[in-house]
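Welcome! Please take a moment to look over the protein below before reading on.

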Amino acid sequence: MSSSTITQLRRHSCTPSRAARELGLKRSEFDLAVHLGLNRTMPDEGGGGRRVTPSEIDRLRATDGFPDVLRERVRLVGTTEGAEVMDIPVGRFTRLARLGLISPVRFYLNRYRTVVWLYLATELEEFTAVEENKPLLTGRRMPEGLRDMLDEGVDLRARNWRGRHRGFLLRLAEDPWESAGVLAAFLDPAQIAELVPDPYDRSHLSRFRPGPPAHGALGSPAAHLVEKIMTADDPAETEWLRSELVHVLDDARRFRPAPRPAARRTPAAPPPAEPSAPEAPQEPSRGGLLGWLRRRSA
């Protein structure tokens, strides 16, 4: 695709908010559709963010069952409604989620700062339809290995959410620096400082590091809780992130080195001056003390 064609597409594209209205979706539903790969967007180089072309809106409108099918594909449910979708008790649903057998795609904090996990209704229906999963849904007890994991306090909901969210962000990354920023977003600052000792690389990397989902004012207890959920705490997950970040940063440096201040040019020192010839001795002046003595003796 030529640069002039791309420029023309951007000129006639619209913002995500307008695209959501055109498609009959809430803005949050539209964003989720983008993350799931249902909607194609393009970067807005003029002011950041994303843009949507008219052809993409037309494509979605032309799909069978629009808009109900599209809305159903982005429908989110919490624990209680999710258990109803799967036709199982709430307690069993929670155990399946803690074991990582079903993965949340979003979360929010309620007024008591309790984490509320949200799941795609279509994925729960698909899980229920798989024959191999029937014992997990209808059996009186969980299999022994899974029971042991629950007894040990395993809860993979946050880790699974991080994995999905990281995948969403990586799909939107346009270059290696953006990919590196996504990976860095899930590591704590101390590990970033260890892996990226160069201050200019680290400063440039921070420009591409997406923040956690907005929950509460900066520095508030809610914001700290969200940051904790965003930061990897599983050893295997952390090790993978560290290794992957090192490799992607190597690609990013080759792609475009981090900007650095221009080196100051120190002015060259002037050459040493050649030694001057010694001054010839001068005859004593006729004035001064000698002249005064002559005038006095006259």
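This report visits a few residues and their surroundings.

## About the model

This is a predicted model, in which local features need pLDDT of at least 70, side-chain atom pairs count only at pLDDT 80 or more, and totals for chains, interfaces and linings use all residues. Residues are numbered from 1 along each chain as its sequence is written, and side-chain values use heavy atoms, leaving out hydrogens and water.

## Arg51

Arg51 is buried but has no salt bridge. Buried means under 20% relative accessible area, exposed means over 50%, and partly exposed is in between (1.4 Å probe, protein chains only). A salt bridge is a side-chain nitrogen of Lys or Arg within 4 Å of a carboxyl oxygen of Asp or Glu.

For Arg51, the nearest side chain of opposite charge is Asp44, 4.2 Å away. A polar atom of the Arg51 side chain lies 2.6 Å from the backbone oxygen of Ser13.

Glu56 belongs to helix α4 (residues 54–61) and counts as buried because its relative accessibility is 3%. Its C-alpha atom is 7.4 Å from that of Asn39, 17 residues apart along the chain.

Ala173 sits in the loop between α11 (157–172) and α12 (176–184). With 19% relative accessibility, Ala173 also counts as buried. Ala173 and Pro43 are 130 residues apart in sequence, and their C-alpha atoms are 9.5 Å apart in space.

## Asp151

Helix α10 (residues 144–151) holds Asp151, which counts as exposed at 67% relative accessibility.

Technical notes. Helices (H or I, at least four residues) and strands (E, at least two) are DSSP runs, numbered from the N terminus. Lys and Arg count as positive and Asp and Glu as negative; His and the chain ends are not counted. A polar contact is a pair of N or O atoms within 3.5 Å; within protein, one must be able to donate a hydrogen and the other to accept it, and residues adjacent in sequence count only if both atoms are side-chain atoms.
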